[in-house]
Amino acid sequence: MIRYHARWVVPIAEPPIANGTVGVDDGRIAYVGTRADAPGGADDDLGDVILMPGLVNAHCHLELTAMRGFLEDLDFRRWILRLTAARRAVLDRDRLLDAARFGIEEGVCAGITTYADTCESGVAMQAMREAGVRGVMYQEVFGPDPASCDAAIRDLEDRIGALRYVETDLVRLGVSPHAPYTVSDALFRATTTLATRHSLPMAIHIAEGQLESLLVLKGAGGFADGLRNRGIDVRPRARSPIQLLADLGVLGAKPLLIHCVRIDALDVATIADMQCAVVHCPASNAKLGHGIAPLAELLAAGVVAGLGSDSVASNNRMDILEEARLALLMQRVKLASCETPSADDVLELATIGGARALGLDDRIGTLEVGKSADLAAFAMGSLRPTYDPVAAAVFACTGADARFTAVAGRPLLRDGVLTRRTIGLEDRIETSAAALRDWLANEGELATMV
């Protein structure tokens with residue numbers, strides 16, 4: 001057994017342990033308690049750190065990592081148009097794979113051990129397997145025109161057929177009908193049927209912003225105009241995006257609901273009644289001007305929730321501790337509260353909450369005997385005095401403070417340095433960035449004025 005010693009151990013499932021130890025044997029946790037009471041084994045003293053479960057990023061787009069800073073200060077429709085046009089024109093499969101690899105390296109360096117990735121190209125599964133991290137890749141499907149539904153489902157079936165063979169104990173496959181502005185009602189139903197038949201988890205971007213709500217409620221707004229320009233019939237579809245999914249029978253499959261910013265009390269009740277989990281992405285929601293999700297109301301209704309970074313194209317960095325801090329601060333401002341949510345609440349969202357949302361809570365999310373040894377340790381450094389390590393982790397630590405990260409007992413980060421790097425990756429990412437800059441200078445603006 002390897003005994004990892006730390007100034008503080010934060011198991012999440014129980015109170016913090018000063019001068020604690022986590023024992024790991026054959027990739028699983030064999031002991032959690034004080035150093036003084038730890039059974040014998042090889043010592044690995046992590047030093048002056050807070051040792052906790054590995055963080056769970058419950059929503060990201062790893063293949064878009066090369067687009068960090070490429071989509072600044074655009075309204076959401078132009079943001080989507082530039083992203084899709086640039087990806088199609090510049091980012092081939094090799095570049096998307098490198099972006100996913102680079103995103104995972106960034107996440108590991110921030111203590112993230114599990115990734116729930118929505119991916120159009122399908123490269124994220126390969127990147128996760130190479131890196132040795134845990135994750136779920138949701139294969140995206142698009143098709144706002146009902147006439148394209150059958151073709152989209154055939155393509156999705158083919159992609160799933162190829163990807164099921166590369167699933168492992170750590171890396172699983174799911175599907176993601178993208179969002180109401182890119183998926184027809186027929187395709188939502190068909191994808192739900194497919195997911196149920198194949199026993200695949202499903203994730204959906206939903207109730208994210210105003211343009212989506214205008215499209216669903218009134219058949220109006222920028223998304224509606226764009227679809228009509230493509231010859232697609234657009235009409236009001238439901239009283240809310242959440243109700244649309246309920247009416248279509250999608251919520252019965254218990255999809256992971258990403259964002260849920262524009263929801264009301266009826267929507268919260270529907271989500272709770274259907275036992276769907278929600279991913280809260282506070283930084284992305286704020287940066288794109290979508291608003292502040294009613295996280296406190298969702299939690300009060302008993303909804304399972306986790307935290308996501310979204311893509312670095314909309315957030316600019318992958319830091320789940322920062323997402324936890326932003327979630328807390330934004331909710332306190334919104335509620336005019338000095339205590340709700342608490343630091344414990346949001347650190348749970350970053351760990352066991354995300355694990356529950358992904359159906360992995362029997363394996364990860366807390367430091368408990370028998371669970372997988374997915375670990376993250378953050379340097380306390382100048383965080384003195386420390387009266388409460390949970391408060392210190394949420395209010396003072398960042399992902400940059402990560403010093404140790406392990407998945408299933410295998411160290412991926414030690415002393416703040418990756419144990420394995422992809423040779424030449426940074427140079428290739430810079431080459432992708434240069435190609436994106438050239439595309440934008442030569443034709444990009446025209447592509448975003450459709």
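**Figure 1. Aromatic pairs of the predicted model, with the Tyr-4 and Phe-404 pair in close-up.** The structure holds 6 aromatic pairs, where rings of Phe, Tyr and Trp (its six-membered ring) pair if their centres lie within 6.5 Å, and planes under 30 degrees apart count as stacked, over 60 as edge-to-face and the rest as tilted. The rings of Tyr-4 and Phe-404 have centres 5.0 Å apart and planes at 45°, so this pair is tilted. The pair links distant parts of the chain, 400 residues apart: Tyr-4 belongs to strand E1 (residues 2-9) and Phe-404 to strand E15 (residues 402-407). Helices (H or I, at least four residues) and strands (E, at least two) are DSSP runs, numbered from the N terminus. Tyr-4 is buried, with a relative accessible area of 2%, and Phe-404 is buried at 1%; buried means under 20% relative accessible area, exposed over 50%, partly exposed in between (1.4 Å probe, protein chains only). The model is predicted, so local features need pLDDT of at least 70 and side-chain atom pairs count only at pLDDT 80 or more, whereas totals for chains, interfaces and linings use all residues. Residues are numbered from 1 along each chain as its sequence is written, and side-chain values use heavy atoms, with hydrogens and water left out.

**Figure 2. The aromatic cluster of Phe-76, Trp-79, Tyr-181 and Phe-223.** Both Phe-76 and Tyr-181 are buried. The ring centres of Phe-76 and Tyr-181 lie 6.0 Å apart with planes at 85°, so the pair is edge-to-face. Phe-76 lies in helix H1 (residues 76-90) and Tyr-181 in the loop between E9 and helix H5 (185-198), so the pair ties together parts 105 residues apart in sequence.

**Figure 3. Contact of helix H6 (residues 210-218) with helix H7 (residues 222-229).** The two axes (lines fitted to C-alpha atoms, for helices over the stretch in contact; angles run from 0 to 180 degrees between N-to-C directions) come within 7 Å and cross at roughly 60°. That makes H6 oblique to H7, given that angles under 35 degrees count as roughly parallel, over 145 as roughly antiparallel, 65 to 115 as roughly perpendicular and the rest as oblique. Leu-211, Glu-212 and Leu-215 in H6 meet Gly-222, Phe-223, Ala-224 and Leu-227 in H7, contact meaning heavy atoms within 4.5 Å.

**Figure 4. The open sheet E6-E7-E8-E9.** Its 4 strands pair in parallel; two strands pair if DSSP finds at least two bridges between them. Strands E6 (55-60) and E9 (171-177) stand at the edges, each with a single partner strand, so one side of each is left without a neighbour in the sheet.
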